[in-house]
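Welcome to a short tour. Please open the model in your viewer and keep the selection tool at hand.

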Amino acid sequence: MFFLSSFRGRRRTWVLVFTVTFALGAFGSPDKNLPHSIAVRVNRKDPAFVAGYDEGYRQGGNDSAALANYNDQGGSVYGQATDGYAAPYGDKEAYQQRFRLGYIAGYKAGWDFNAGRYSPLGAGSW
């Protein structure tokens with residue numbers, strides 16, 4: 001009888017530890033893929049974001065296929081972040097920030113798609 005009551009107490013403790021850990025992980029951790037100085041909300045139809053996403057997707061897929069290390073913030077395209085820039089798009093630094101956000105998102109999508117972590121048929125079909 002002592003064993004059962006002791007087991008129930010440990011199980012409750014583990015459930016509590018798991019719940020707290022999950023809550024802190026889900027709500028308390030910043031997104032490690034985004035530079036801290038950039039706002040998280042971006043219009044995904046913005047020309048800078050789209051240009052960055054396209055370049056990042058291409059590079060992420062290429063790196064994954066070549067079995068290279070994951071490097072979503074490397075390379076000259078990410079560093080310059082001016083592909084597709086034109087004066088009507090406004091401030092060049094703001095364009096570069098939005099481009100880099102798109103590049104990071106596109107790189108991950110290209111990497112995951114090429115690595116087989118994405119399936120157009122849905123989860124579990126790969």
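Begin by selecting Tyr57, which sits in helix H2, residues 47-65. Helices here are DSSP runs of H or I with at least four residues, strands are runs of E with at least two, and both are numbered from the N terminus. You are looking at a predicted model, where local features need pLDDT of at least 70, side-chain atom pairs count only at pLDDT 80 or more, and totals for chains, interfaces and linings use all residues. Residues are numbered from 1 along each chain as its sequence is written, and side-chain values use heavy atoms, with hydrogens and water left out.

Is Tyr57 buried or partly exposed? Tyr57 counts as partly exposed because its relative accessibility is 33%; buried means under 20% relative accessible area, exposed over 50%, and partly exposed in between, with a 1.4 Å probe and protein chains only.

Now show the contacts of Tyr57 (heavy atoms within 4.5 Å). Beyond neighbours within four places in sequence, you will find Gly106, Tyr107, Ala109, Gly110 and Phe113.

Next, select Asp63, also in helix H2. Asp63 is buried but has no salt bridge, and the nearest side chain of opposite charge, Arg58, is 7.9 Å away. A salt bridge needs a side-chain nitrogen of Lys or Arg within 4 Å of a carboxyl oxygen of Asp or Glu; Lys and Arg count as positive, Asp and Glu as negative, while His and the chain ends are not counted. Leaving out residues up to four places away in sequence, Asp63 touches Ala68, Asn69, Tyr107 and Trp111.

Finally, zoom out: the chain has four helices and zero strands, and buried residues make up 23% of its 126 residues.
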